[in-house]
Structures are given as C-alpha cells and as structure tokens.
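I opened this notebook to record what I looked up in the structure.

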Amino acid sequence: MFDKFIGNDGIKQVFKRLIKTERVPHSLLLAGESGVGKKQFAFELAKSFLCRTPKDFESCGDCAACRRASKFNFPKPDDRDAHKKMIFSEHADLGLVIPYNRNILVDAIRDLEKEANFRPFEAKARFFIIEEADKMNDAASNALLKTLEDPPASSYIFLITSRIDSLLQTIRSRCQIIRFAPVESKEIEDHLLSTQKFSPADAALLAKISRGSIGRALETDLQIFKNGREAMLKVLESLFFREDRAALLQIGEEMSDAKYKDEFETRLEILQTLIHDVWSLDLGKDDLINIDIRLDLEKFARNSERKRLDNWINEIETLRENLNINLNRKIATDALFMQMASS
C-alpha cells in the first residue's frame, strides 16, 4: 500500500524492509515539510500491524481492521477537554494526539503514557501517533520522555513534525529519525493531471506553489491563492515604485480583517515567495514559484536591490515565527510594512 503514495520512494523501501525484518523502531520521528505524506506513511505503517489479511507484509486496505483504523471521530476545534485525551480510531489499538489551538496539551501526552502501558486489544501491537509534535511545550515533552525512555514492548509511538529543530534534543535522541524530502514538482503536476480535475496551466502552477507538498497542492483553492497574491503584488508595487505608505497600511488593515483571518499566514507566505522569485530573477536564475506572472516579477527585478530583498525575507520570516505567540496582527503587519518601506 505504500506504493500508492507520491514521492519519497526511498522511504517506501525502508519501511517495507523494516516491516519484513520485524525491526520497526518503537519510537519513530517522521520529519519533513508539511504535506509531503508523513502522516499517511505513519498510518500505513501502523495498519500493516493491525491488518487481518496483510499482503506482502503490507495492509490490504480492505479488511474490517483496516477500515476501522482509517475512521476517526475528531472533536470540535474549541473543545479543550476533548483534546486532553487520545483520539482513537474505530480500531482500539490506533490512537492519535492532535494540538489544541497551537499547543499539544500535557494531559493528552499523559493519557498516551497510560494507554501505552495497556496490552493490545486485538492486534499484535498498539500505535500512537503525535501529530505536529513540535507543538509540545516543555511539560508535554518531559511527560513524553518517560515513555520514550522505556517504551512498552507492545506499543509504538510515531512523532510527526515539519519543524524538527523545535523538538527537545532529548526527544530527538530517543527516536529513530526518518527525513522526508519534498516531492518533485513534476511528480505533483503529473498526479494532479491524472485526477482530470485540473487544466495543464493550473496543475503546473499548483505544483510550483505547493513547494514539494502534495497535500498543499490538493488542498489549495487556486482562486483564493490568486486573490491573495494580487493583494501582495500591490505591496510590492508600493514598495518598489510608489513608496506609498498609506497604501501599505490599508493593505495591512485588509489582511487583519476578520474575514481574512484564515488567509493571514498564507498571504505572508505568498509575499515571501514573490520576493524570492524577484531575487531569483535578479540573480539570473529561473527556478520561479509564480511561473504564471513572470513578466510582473521581471519588472520588479529590474528595480531590486539584493540587500533590501534579503532584509524583507528575514523580516517576514520573523513575523511568521512570532505568530506562535499571542500578538496583535494589525499592529504587527503595520510594523512589518513600515520596516520594509524603510529598509
């Protein structure tokens, strides 16, 4: 069943070999960019143990155990109490920990520790997957360490992260790390075309803006992306040509409006990729992300200064990192744009 996933063929072979030789680590850390398939690989690895009729050591995907393992009843995002517990699939030997807002609650990790000490209900082993493991605070991380130091023989813990450096070194040192590479753009483009849901132009653009993430390519609403990009192009227009700070503040106010709440981080990322593309053109490179607006980007590149572009990218990255704390987005965006205008 691993062959159904796009990209990371080397990891597919590693997982198959680990299953066949019965050497799957009890503590496994799957690291790589968001949307490259880490969670799907983790679930498939777990299902190879839960499956009642495995085929060549992999899950069949059709038996009752496989079907139940794929079904979860997730709590409402604002239900804090529900996030204090493991979220089990319909199969009692497969559980998941997910963040509440931007944090994994220590109670959920303590519940995992308790569940990990129970013997399997019906399978050969129990499996616990921690999604976005980098969102554990010190208390949650320290609670997990107790289990990782002496894992029960019949329990496996898989951590998934796109920010491995945010995990405690003591966590990383107790896990075998599997690093996932971004999926090649051509593979993503071919997969999108195979679904017959995308035009060649849209598939090519999605493959580029997904930046190696098959999940992001499939989930991106291209019209929303283009609307957000149009707004960010106005930011560059104001910075490069008009030096219109009032326009920048107006764009910042629109970005911070409640109706664009879910698009705020995406628009910051879009702005960052636009600047990256301008920088690439200025350096004479051709590895553009926004391939469909090359002429607009070339116009900016003819008026760019590399040091200024470098400063802008760093300032945007700093703001994106600070979104993990509770800050006023309007004030932060205004400060970002004014700093960019002054640099």
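This is a predicted model: local features need pLDDT of at least 70, side-chain atom pairs count only at pLDDT 80 or more; totals for chains, interfaces and linings use all residues.

**Entry 1. Helices α10 and α11.** I looked up how α10, residues 222-242, lies against α11, residues 245-255: their axes come within 10 Å and cross at roughly 160°. Since angles over 145 degrees count as roughly antiparallel, α10 is therefore roughly antiparallel to α11. I recorded the crossing of α10 past α11 as left-handed. On the α10 side I listed A231, M232, K234, V235, S238, L239 and R242, which meet A247, L248, I251, E254 and M255 of α11. I sorted the residues of this contact by class and found eight nonpolar, one polar and three charged.

**Entry 2. Helices α12 and α14.** I then turned to α12, residues 264-282, and α14, residues 306-322, whose axes come within 10 Å and cross at roughly 160°. The angle makes α12 roughly antiparallel to α14. The crossing of α12 past α14 is left-handed. Among the contact residues I noted L268, L271, I275 and W279 of α12, and L309, W312, I313 and I316 of α14. The contact of α12 with α14 comprises ten nonpolar, two polar and six charged residues.

**Entry 3. The second largest pocket.** Which residues line the second largest pocket? I found F74, P75, P77, H83, I98, P99, Y100, N101, R102, E131, E132 and K135 in its lining. By class, the lining holds six nonpolar, two polar and four charged residues.

Methods. Residues are numbered from 1 along each chain as its sequence is written. Side-chain values use heavy atoms; hydrogens and water are left out. Axes are lines fitted to C-alpha atoms, for helices over the stretch in contact, and angles run from 0 to 180 degrees between N-to-C directions. Helices (H or I, at least four residues) and strands (E, at least two) are DSSP runs, numbered from the N terminus. Angles under 35 degrees count as roughly parallel, over 145 as roughly antiparallel, 65 to 115 as roughly perpendicular and the rest as oblique. A crossing is left-handed if the near helix is turned anticlockwise from the far one by less than a right angle, and right-handed if clockwise. Contact means heavy atoms within 4.5 Å. Ala, Val, Leu, Ile, Met, Phe, Trp, Tyr, Cys and Pro count as nonpolar, Asp, Glu, Lys and Arg as charged, and the others, Gly among them, as polar. On a 1 Å grid over the protein atoms alone, a cavity is a set of points where a 1.4 Å probe fits but cannot get out, and a pocket is an open set with protein on both sides within 12 Å along at least five of seven lines; lining residues have an atom within 4 Å of a point.
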